[in-house]
Amino acid sequence: MPDPAQSAPHCAGHQGRRESIVEEAIATLLATTDMGAVLERTARLLRRNFGSTRVTLHRLREDLGAAEVLLSDDPRGAGPAPGTRLPLAGSLCGATVAARRPQVLSELAPGGTRALEEAELAAAGYGSLACFPLQVEERVIGTLQIAHPPSCGMFEHCLRAAEGVARPIAIALHNSLLLE
């Protein structure tokens with residue numbers, strides 16, 4: 001998989017917002033252990049800061065060899081329903097879990113076979129996909145996927161901001177799963 005740091009050009013228009021996005025994520029997500037509230041706040045935060053993207057939050061289900069969709073927020077109204085399971089084998093989500101670091105697919109194709117998610121996202125009009133591990137200590141407990149339209153690309157500042165947001169999301173998800 002391509003290295004996210006080398007996958008997209010720099011876009012100076014949003015670079016300064018990265019720190020404020022991460023600070024807001026920490027403040028809002030760590031304020032609760034309620035899973036519903038965590039998911040609602042995550043969707044609102046990412047939609048406001050990432051615009052016309054699809055955001056999907058997965059919970060790792062190693063016992064099933066899958067990642068379970070907890071949240072899918074898509075401005076086009078499409079996207080997998082909560083509870084949908086994505087096999088780890090062959091998916092970008094699975095590659096992210098295995099590598100324990102972000103993975104990026106650029107130039108998604110409708111007939112693409114690089115990852116299970118590629119064809120569906122390309123058909124929905126997305127051009128790139130980034131997947132971030134949600135880690136608590138050394139354990140991956142889920143993933144955060146962000147799909148961008150072709151016109152937006154996957155810019156370096158978006159990757160860094162999403163990676164920063166993934167940390168507090170992982171902690172909030174971990175806390176809410178402990179109480180489940």
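This is a predicted model: local features need pLDDT of at least 70, side-chain atom pairs count only at pLDDT 80 or more; totals for chains, interfaces and linings use all residues.

Biologist: Let us start with S1. How many of its residues are buried?

Modeller: Strand S1 spans residues 54-61, and eight of its eight residues are buried.

Biologist: Which side chains point which way from that strand?

Modeller: Arg54, Thr56, His58 and Leu60 point one way from S1, while Val55, Leu57, Arg59 and Arg61 point the other way. In a regular strand, side chains alternate between the two faces of the sheet.

Biologist: Which strands are joined to S1, and by how many bridges?

Modeller: Strand S6, residues 139-148, is joined to S1 by six bridges, and the two run antiparallel. Strand S2, residues 66-73, is also antiparallel to S1, with seven bridges between them.

Biologist: Take Arg59. What are its bridge partners?

Modeller: In S6 the partner of Arg59 is Gly142, and in S2 the partner is Glu68.

Biologist: And what about the hairpin of S1 and S2, which residue there has a positive phi?

Modeller: That residue is Gly65, with a phi near 65°. The hairpin has four residues between its strands.

Biologist: Back to Glu68. Is it buried or exposed?

Modeller: Glu68, in strand S2, counts as buried because its relative accessibility is 14%, and the cut-off for buried is under 20%.

Biologist: What does its side chain make a polar contact with?

Modeller: The side chain of Glu68 makes a polar contact with the side chain of Arg61, at 3.4 Å. Beyond its neighbours within four places in sequence, Glu68 is in contact with Leu57, His58, Arg59, Arg61, Gly83, Thr84 and Arg85.

Biologist: Another residue of S2, then. How far is Leu71 from Thr42?

Modeller: Their C-alpha atoms are separated by 8.8 Å, although Leu71 and Thr42 are 29 residues apart along the chain. Leu71 lies in S2 and is buried, with a relative accessible area of 11%.

Biologist: Turning to helices, which residues of H3 are buried?

Modeller: In helix H3, residues 92-99, they are Leu92, Cys93, Gly94, Thr96 and Val97. These buried residues pack against S1, S2, strand S3 (85-87), strand S4 (103-105), strand S5 (128-136) and S6.

Biologist: What follows H3?

Modeller: Arg100 follows H3, and its phi is positive, near 60°.

Biologist: Where is Leu121, and what is it in contact with?

Modeller: Leu121 is in helix H4, residues 118-123, and counts as buried at 3% relative accessibility. Setting aside neighbours within four places in sequence, Leu121 is in contact with Arg54, Leu108, Tyr126, Leu129 and Ala147. Between Leu121 and Ala147 the C-alpha distance is 7.6 Å, with 26 residues separating them in sequence.

Biologist: You mentioned Tyr126. What lies over its face?

Modeller: Arg76 does, at 4.3 Å from the ring centre.

Biologist: Finally, the largest nonpolar core. Which members touch the most others?

Modeller: Of its 25 residues, these are Leu46, Phe50, Phe132, Leu134, Leu144, Ile146 and Ile169. The elements giving two or more residues to this core are helix H2 (35-50), S1, S2, S5, S6 and helix H5 (156-178). H5 supplies the largest share, nine residues.

Biologist: What lies apart from it?

Modeller: Another core lies apart from that one, with 17 residues, among them Ala67, Ala115, Ala122 and Cys131.

Note on methods:
Residues are numbered from 1 along each chain as its sequence is written. Side-chain values use heavy atoms; hydrogens and water are left out. Buried means under 20% relative accessible area, exposed over 50%, partly exposed in between (1.4 Å probe, protein chains only). Two strands pair if DSSP finds at least two bridges between them. A charge sits over a ring if NZ of Lys or CZ of Arg is within 6 Å of the ring centre and within 35 degrees of the ring normal. A polar contact is a pair of N or O atoms within 3.5 Å; within protein, one must be able to donate a hydrogen and the other to accept it, and residues adjacent in sequence count only if both atoms are side-chain atoms. Contact means heavy atoms within 4.5 Å. A nonpolar core is a set of buried Ala, Val, Leu, Ile, Met, Phe, Trp, Tyr and Cys residues joined through side-chain atoms within 4.5 Å.
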